[in-house]
Amino acid sequence: MAYVNDCFANHSLFHKALKEAFEVFCNKNVSGCSSAELLASFCDNILKKGGVEKLSDEAIEDTLDKVVKLLAYISDKDLFAEFYRKKLSRRLLFDKSANDDHERLILTKLKQQCGGQFTSKMEGMVTDLTLAKENQNHFEEYLGKNPNANPGIDLTVTVLTTGFWPSYKSSDLSLPVEMVKCVEVFKEFYQTKTKHRRLSWIYSLGTCNINGKFEQKTIELIVGTYQAAALLLFNASDRLSYSDIKTQLNLADDDLVRLLQSLSCAKYKILTKEPNSRTVTPSDFFEFNPKFTDRMRRIRIPLPPVDERKRVVEDVDKDRRYAIDASIVRIMKSRKVLGHQQLVMECVEQLSRMFKPDFKAIKKRIEDLITRDYLERDKDNPNLFRYLA
C-alpha cells in the first residue's frame, strides 16, 4: 500500500493491479488448506487464551485490522465465516476467549467490511453467552427459593439459540441416575420462564468434574459428559464388556470408541482394558483401575480430536446451494423472462460478495428449480427461462 500511495501517487491503475494480484495469491491453497481456513485459524490463535501469538492490545487490534483487509481479497468469504464460527463457538463455550472486547472488535470490523448478514450469527453467539450467564444466576436464585428442587450436584447450564450456533450432533445418551435429576430440575425451572421453547441437550459439549477414589488418593477428573456417564457405570459394576457399556449408554459406535480410547488407551488409564492393546474393539472388556495415580490432584482427560474440516466444507456447500436457489428466484421474480447467459451473470454478480459460484453449480440449480416448478424453459428457445408465479 505504501508503494502504491507514495511511489505511484495513489494512481487508480496501480490500486487495480494490487487488488488483482492479491486476489490471485490469496486464493491459492496451501498444503491442502484454503486461505479462508488458515485466516480463521490465525484469528483463533490471536483471540484464544494461551494462543501462539502473544501480543499487546494495540498489536492485536492492528493485526485484526490486517486480517479484515486481507479477507477482502478472499473469494470464499462464506468458508471463512463458517470456520471462524466453529472456532468462536469453542472459545465461547469452553471459556477459551482471552478478551471479550477483542471478540466484539473483530466482529465490528467484519461487519463494516462484509455487511450485517455476514456477522449476524456470530454476534448472536456472543450475546447468547451473556444471556446464558444471566439465566444461570436466575437458576441459582430459583434453587435458593425452592429447597425441594435440589439437583443434588452443582449444575451450570448454558442455554443457546439454535439458529446462531453451528449444528452439533445430539444423541439420546442414557444419563446416569445422578444426572437425570439435574436435567429434570432445570427443565422445571426453564418452564417457569417460558412455555414456548424446547430444550435440546447437547451432551457432547458438556463437562463434568468427578472424584475418582483410587487406592493411593482421590483425584478430581475433568471429563466430558459422555466420559463421565461411562465412568459412573463402574460404581455399580466391577467389569463391563464393550456391548454392556454400549447398551447402558445408548451411544453410537464411533462416539463410544472415542470415549473408551480416552479412558483406557491414552495418557491417563482410568480403566484397564482386556486385551491390553492400543485400539478399542467390540470384543473388549473394561475394569476400573484402582491402582491409577498421578502427581496432580486434578487432571483433565481430553477426548481424541475429531477432524471437522470435512463437515464444515459440506455445510458450506449446502448453504451455497440454498444461496444460489434464492438468488435465481429473486432475479427471475423481478425479470419474469431472462436468457440463460444473463441469468448466470446476474447470479454470479449477486453472490460474488460471499463466494465465487461455479457456472456448473448454477446450471445444476437452474435444472433443479425447473423440476420443482419455479422456472420453465421457453418452448421455442431452450436458452430462455420464464418465472412461474
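I call a residue buried under 20% relative accessible area, exposed over 50% and partly exposed in between, with a 1.4 Å probe and protein chains only.

**Ground rules.** I am working from a predicted model, where local features need pLDDT of at least 70, side-chain atom pairs count only at pLDDT 80 or more, and totals for chains, interfaces and linings use all residues. Residues are numbered from 1 along each chain as its sequence is written, and side-chain values use heavy atoms, with hydrogens and water left out.

**Entry 1, salt bridges.** I looked for a side-chain nitrogen of Lys or Arg within 4 Å of a carboxyl oxygen of Asp or Glu. The whole structure gave me 26 salt bridges. I then picked out a few pairs, using helices as DSSP runs (H or I, at least four residues) numbered from the N terminus.

I found Arg320 and Asp78 joined at 2.6 Å, N to O. Arg320 belongs to helix H12 and Asp78 to helix H5, so this pair ties together parts 242 residues apart in sequence. Both Arg320 and Asp78 are buried.

Next I checked Asp325 with Arg365, a salt bridge at 2.9 Å, N to O. Here Asp325 of helix H12 is linked to Arg365 of helix H14 (residues 359-371), 40 residues apart. Asp325 is buried at 8% relative accessible area, and Arg365 is buried at 13%. I also noted one network, in which salt bridges with shared partners join Asp44, Lys48, Arg91 and Glu103.

My last pair was Asp95 and Lys49, with the closest N and O atoms 3.4 Å apart. Asp95 sits in the loop between H5 and helix H6 (100-114) and Lys49 in the loop between helix H3 (35-47) and helix H4 (57-71), so parts 46 residues apart in sequence are tied together. Asp95 is exposed at 55%, while Lys49 is partly exposed at 41%.

I took a pocket as an open set of points on a 1 Å grid over the protein atoms alone, where a 1.4 Å probe fits, with protein on both sides within 12 Å along at least five of seven lines; lining residues have an atom within 4 Å of a point. The second largest pocket holds about 690 Å³ of space. It has 23 lining residues, and Asp78, Gln117, Phe118, Ala323 and Met354 are the closest to its centre. Helices H5 (77-93), H7 (116-145), H12 (309-335) and H13 (340-351) each give two or more residues to this lining. I sorted the lining into ten nonpolar, five polar and eight charged residues.

Terms used. Points joined across faces, edges and corners; volume = space filled by probe spheres on them. Nonpolar A, V, L, I, M, F, W, Y, C, P; charged D, E, K, R; others polar.
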